[in-house]
Amino acid sequence: MAYNHLPTEELQALDAAHHMHPFTDGNALNKKGARVITSAKGVTITDSDGKEILDAMAGLWCVNIGYGRDELADVAARQMRQLPYYNTFFQTTHVPAIELAKKLSQLVPGDLNHVFFNGSGSDANDTNIRMVRHYWALKGKPDKKTIIARWNGYHGSTVGAASLGGMKGMHAQGGLPIPDIAHIDQPDWWSEGGEQSPHAFGLERARQLEAKINELGEDKVAAFIAEPIQGAGGVIIPPESYWPEIQRICDKYEILLIADEVICGFGRTGQWFGSQTMGIRPDIMTIAKGLSSGYAPIGGSVVSDEIASVINSGEFNHGYTYSAHPVAAAVALENLRILEEEKIVEHAGKVAAPYLAGKWAELADHPLVGEAKIKGLMGSIALTPDAASRAAFAAGAGVVGLMCRDRCFANGLVMRHVGDRMIISPPLIITHQDIDTLIERATKSLDETYAAVKAEGLL
Ligand code: PMP
């Protein structure tokens, strides 16, 4: 690449001049200059100044097998030479699509045996909106089209997926949500549980689903969509009472349960799917990210035998040029082979997770930290001026979180902030030694943030 040897400042200037970044205040970034990442290996990314950073976010929650696996590059090159592209419209198919769909039908639990491929998690959730509405229409219930989702849930950034999501800042731009989407409150006990016990609060939040179904009418509600554990919302691990009650409600009323497994899938929670960790039986799963460990863009909607049999009864007028892209599908297959053969999900759940959980829990003793929660390799800590009252900072949500995030970067650690929660989702291959480094850098960053918060009078 012609620009490979340009100095950092020149790359930053070119980036500022021509590249628009997702979810970014463009002018603010352009003044400061973006961090330029040039290479990565294992759990470590390297920037254009040669600084090595432990990536405790696995990119964007996706590099489950870690960086730098040549096998995926080799498979991609082979597939590009043999068949770089062909579509799956017009009664055609190809070997990577067939093999990946079969593999997924084996890995995904229950009778979710059919995959509609997409280019991303957002595309997959848009597919879900159209598919569930079409499903009910085919069953003679065209009014059964409202999809219930949750405030502070995240399902992607396309018009449909962002409408399902409960991010008010996203709804405020571009005229969202689309019609026939309803939201209920999230099961975030730390921020919204008040005086209730986590158990009672989990039940109360789950029963909002039942209340919403009754308010709208069962014959108007097509589906409920949720992440088994909210990711972008701040790694919100629901109280244990929550999911069984949601499942009970979905069973009682005739509505489809869509588990958005874009983050939780492929080992993140210590089992193959978050639905297994949470004990739920979805009718549809949204998958992406860990499906290819981020090495190629691919997602999918995995649906039950029943849904597939109804949808397949006629033409479903939907699809993408890159549905089941052969190179992405081949890369995903190789990723799944490595996850299985190297027992990476077992490593994540039985080796890395218990060790990390012990260390993570100790962070709760830090004076800036309220709760420290983790499930599998998905964790968060809540920063607070007063743990006992679960208080928020007077400076406003995110001010202290951002300070901490910046200190993490400076200390060689990618830990993201969502408001004043600090979150992690490291590659599943993380070793005990990497975990020690992660905790050491996180603690140093928390200490520095605490000192700065005190110095600036933000406590
Ligand atoms: N669903 C969830 C749960 C996600 O976390 C994300 C992305 N962070 C998406 C959907 C959207 O996926 P994509 O960015 O690949 O469109």
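The buried residues of helix H17 are Asp434, Ile435, Leu438, Arg441, Ala442, Ser445, Leu446, Thr449 and Val453, where a residue is buried if 20 or more other C-beta atoms lie within 10 Å of its own, exposed if 12 or fewer, and partly exposed in between, with C-beta atoms placed from the backbone. The model is a predicted one, in which local features need pLDDT of at least 70 and side-chain atom pairs count only at pLDDT 80 or more, while totals for chains, interfaces and linings use all residues. Residue numbers start from 1 along each chain as its sequence is written. Helices (H or I, at least four residues) and strands (E, at least two) are DSSP runs, numbered from the N terminus.

H17 covers residues 432-455, 24 residues in total, and reaches 34 Å from its first C-alpha to its last, close to the 34 Å expected at 1.5 Å a residue; the expected span is 1.5 Å times one less than the number of residues in the helix. The cover over its buried residues includes strand E3 (52-55), H15, E11, helix H16 (399-410) and strand E13 (413-414), with two residues taken to be in contact if their C-beta atoms, placed from the backbone, lie within 7 Å. After H17 comes Gly457, with a positive phi near 65°.

Turning to the overall layout, the chain is divided into domain 1 (35-65 + 343-455) and domain 2 (71-341), with bounds that come from an automatic or database domain assignment. The C-alpha centres of these two domains lie 26 Å apart. Their contact takes 28 residues from domain 1 and 24 residues from domain 2. On the side of domain 1 that touches domain 2, at least two residues each are supplied by helix H3 (58-61), helix H15 (344-362), strand E11 (369-375), strand E12 (378-383) and strand E15 (421-424). H15 gives the largest share of that side, five residues. By class, this side of domain 1 divides into 14 nonpolar, nine polar and five charged residues; Ala, Val, Leu, Ile, Met, Phe, Trp, Tyr, Cys and Pro count as nonpolar, Asp, Glu, Lys and Arg as charged, and the others, Gly among them, as polar.

H6, in turn, is mostly covered, with 14 of its 18 residues buried. From its first C-alpha to its last, H6 reaches 25 Å, close to the 26 Å expected at 1.5 Å a residue. H6 also contributes the largest share of the shell around the ligand, three residues. In this shell 16 residues surround the ligand, and the closest are Ser120, Gly121, Ser122, Gly156 and Val262; a residue is near a molecule or strand if its C-beta atom, placed from the backbone, lies within 6 Å of it. Six residues of the shell are nonpolar, eight polar and two charged.

Past the end of H6, Lys139 lies in the loop between helix H6 (121-138) and strand E5 (146-150). Lys139 is partly exposed, because 13 other C-beta atoms lie within 10 Å. Lys139 and Gly290 are 151 residues apart in sequence and 33 Å apart in space, C-alpha to C-alpha.

Most residues other than glycine have a negative phi, and most peptide bonds are trans. A cis peptide bond, with omega about 0°, joins Leu176 and Pro177. Pro177 lies in the loop between helix H8 (168-171) and strand E6 (181-184), and Asp180 lies in the loop between H8 and E6. Asp180 has a positive phi of about 65° although it is not a glycine, and counts as partly exposed, with 16 C-beta neighbours inside 10 Å. Val235 likewise is not a glycine but has a positive phi of about 50°. Val235 sits in the loop between strand E7 (221-226) and helix H11 (242-252), and with 24 C-beta neighbours inside 10 Å this residue counts as buried.
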